Amino acid sequence: MQTEEQELIRRIAGGETELCARLTDRYGRAVYTLAARIAGCTEDAEELTQDIFLKAFSRLDRFGGRSSFSTWLYRIAYNTAVSHARRTRPKYCGMDERRLEALPDSEADRLEEWAEKQERLDALNRAVERLDPEERALVTLFYYEDRSVGECAAITELSEGNVKVRLHRIRKKLYVLVNDEMNGKE
């Protein structure tokens, strides 16, 4: 499949633009999902998805193959959606850093257990929406898209260690947000 995809990319970059639809069909849903989660708005995600593919196809000659095409495309999607979210959704959840530091790691790790309880799951989804764009992007890539830490690092251009630390801090933040909501502290 990789060589088929490389050939397809070579042909599109060579001017056979009618083949763009194949890559759009292959990756469109995943790009849209990432854009929607980061932007928080399906209407914006539709426009962002179009913008992302336009950017990708206009820069296809710059794709060097150092990563997979999907990672390269996700990097464009990540950057485009985060930039959009910063411009349009400036209000996101700030939190007292001391509160996060005081939270035991074992408590934050319990987030995964909550998925079985619909009320907590709904609160968790609302909490994810309150994260800043970069945090929502990491949550989306790692938990919703099942991307590895290495892939998240390549897409976000962070080190793997930084991705791990950020995911850990995000889990703590989500734990606090969900608990506050469940206990009526919001």
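Q: What does "buried" mean for a residue?
A: Buried means under 20% relative accessible area. This cut-off is applied here to a predicted model.

Q: Is Arg147 buried or exposed?
A: Compare its value with the cut-off. Arg147 has 13% relative accessibility, so it counts as buried. Find Arg147 in the loop between α8 and α9.

Q: Which residues does Arg147 touch, leaving out those up to four places away in sequence?
A: Arg147 touches Ser70, Tyr74, Leu141, Phe142 and Cys152.

Q: How much of the protein is buried?
A: Buried residues make up 44% of the 186 residues. The accessible surface comes to about 10300 Å². Carbon and sulfur atoms account for 45% of that surface.

Q: How many helices and strands are there?
A: The protein has ten helices and zero strands.

Q: How far should I trust the coordinates?
A: Start with the general idea. Where pLDDT is low, the predicted coordinates should not be read in detail. Now the case here. The protein averages a pLDDT of 85, and 88% of the residues score at least 70. Confidence is lowest in helix α6 (residues 105–108), at a mean of 70. Helix α9 (residues 149–156) has the highest, at 94.

Q: Why is α8 described as largely enclosed?
A: Count its buried residues. Nine of the twelve residues of α8 are buried, so the rest of the structure largely encloses this helix. The nine are Pro133, Glu134, Glu135, Arg136, Ala137, Leu138, Val139, Thr140 and Leu141.

Q: Which helices do the buried residues of α8 pack against?
A: They pack against α2 (20–39), α4, α7 (118–130), α9 and α10 (160–182).

Q: How do I describe two packed helices?
A: Use the angle between their axes and the distance between the axes. Take α4 (residues 69–88) and α8 (residues 133–144) as the case. Their axes come within 9 Å and cross at roughly 145 degrees. The crossing of α4 and α8 is right-handed.

Q: Which residues meet where α4 and α8 come together?
A: From α4 come Tyr74, Tyr78, Val82, Ala85 and Arg86. From α8 come Pro133, Glu134, Arg136, Ala137 and Leu141. By class, this contact has seven nonpolar, no polar and three charged residues.

Q: Why do residues three or four places apart point the same way in an α-helix?
A: An α-helix has 3.6 residues a turn, so residues at that spacing point the same way.

Definitions and conventions: Residues numbered from 1 in each chain as written. Predicted model: local features only at pLDDT ≥ 70, side-chain atom pairs only at ≥ 80, totals over all residues. Heavy atoms only, no water. Axes fitted to C-alpha atoms, helices over the stretch in contact; angles between N-to-C directions. Helix = DSSP H or I, 4+ residues; strand = E, 2+ residues; numbered from the N terminus. Left-handed = near helix turned anticlockwise from the far one by under 90°. Contact = heavy atoms within 4.5 Å. Nonpolar A, V, L, I, M, F, W, Y, C, P; charged D, E, K, R; others polar. pLDDT = per-residue confidence, 0-100. Buried < 20%, exposed > 50% of the residue type's maximum accessible area, 1.4 Å probe, protein only. Areas by Shrake-Rupley, 256 points an atom, 1.4 Å probe, with all protein chains shown as cover.
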